[in-house]
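Biologist: I'm new to this one and would like to learn how to read it. Could you walk me through it?

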Amino acid sequence: MENDLFRTIFNETARLNIPAVVIGGLALPAYNVARLTLDIDICILVTSQDVLNQFINALKENDISTLQNPKIDQDLFTVFGKHSEAEIWLKPCDAFSWDDKMVKRIQVYIVNVHVLAIEDFILTKLARRDRSSTDIDDIIQLLIANKDNIDREYMHYRLRWMDLLSDFNEILKKSKIDFGNFN
Amino acid sequence: MEEEKRSPIHITEADVKRAYKKVEKFQRLLKRGKTKEQILNDLLRLIQGGE
């Protein structure tokens, strides 16, 4: 898998200096959780159409193409390699966009591959417009596996920012995870 | 911010038990020497095949 789709995308974002993170199921092992997934979801931060075009052209040179004509204001587009495809998101979640705090907190996953901070990653799952039971399962496992490492102040800030504090507290209550007083 | 209408949160006791078990399983993988990178690679191999 020397030249696989996933790594080529991250190599090109690194070369072009584009912040990029894995999101979705493939990001879970970074936080001690795993489940089967067949999706590659990668979120990039591009601030101009020019940079987005450079990225798309760089992928094209690696035989990775898109059938769409991606625009900077879209949520996502799909790219195709030889045997698989990846969704390239231009925002971490359909319900919110990148901000400086989020970018500063990006974590290293493995060499050249990054993930959102655990608090922001949880938020991508909780805030999704089409949030599913899988997202809730993921959140419960993420909380169990990381509850001592979560920045509670930042988590609280993010939940209030998206008006999701009551949803989060409901998960804590129903799952009986000892997270202390979190109101 | 536009009003969101997400599905309600439904969690059963079985869901929580299963979640704890899955987290334990992951910890066992790490204890057996499997790295996060290897786990990611296993998932990528499944998705990407021989790409």
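Modeller: Gladly! Let's begin with one residue: setting aside neighbours within four places in sequence, A:Phe6 is in contact with A:Ile40, A:Ala86, B:Leu44 and B:Gln48. Two residues are in contact if their C-beta atoms, placed from the backbone, lie within 7 Å. A word on the source: this is a predicted model, where local features need pLDDT of at least 70 and side-chain atom pairs count only at pLDDT 80 or more, while totals for chains, interfaces and linings use all residues. Residues are numbered from 1 along each chain as its sequence is written, and chains are lettered from A and ligands numbered from 1 in the order in which they are written.

Biologist: Is A:Phe6 buried or exposed?

Modeller: A residue is buried if 20 or more other C-beta atoms lie within 10 Å of its own, exposed if 12 or fewer, and partly exposed in between. A:Phe6 has 23 other C-beta atoms within 10 Å, so A:Phe6 is buried. A:Phe6 lies in helix α1 (residues 5-15) of chain A; helices (H or I, at least four residues) are DSSP runs, numbered from the N terminus.

Biologist: How many residues of chain B are in contact with chain A?

Modeller: 24 residues of chain B are in contact with 33 residues of chain A. On the chain B side, α1 and α2 (36-48) each supply at least two residues, and the largest share, nine residues, comes from α2(B).

Biologist: Which residues of α1(B) are buried?

Modeller: They are B:Ala19, B:Val23 and B:Phe26. They cover an arc of only 60° around the axis, which puts them on the same side of α1(B); the arc is that of the directions from the helix axis to the C-beta atoms. On the other side of α1(B), the exposed residues include B:Glu13, B:Lys17 and B:Arg28.

Biologist: What do the buried residues of α1(B) pack against?

Modeller: They pack against α5 (133-146) of chain A. To compare two helices, we use axes, which are lines fitted to C-alpha atoms over the stretch in contact, with angles running from 0 to 180 degrees between N-to-C directions. α5(A) and α1(B) pack at an angle of about 55°, with their axes 9 Å apart. Angles under 35 degrees count as roughly parallel, over 145 as roughly antiparallel, 65 to 115 as roughly perpendicular and the rest as oblique. α5(A) and α1(B) are therefore oblique to each other.
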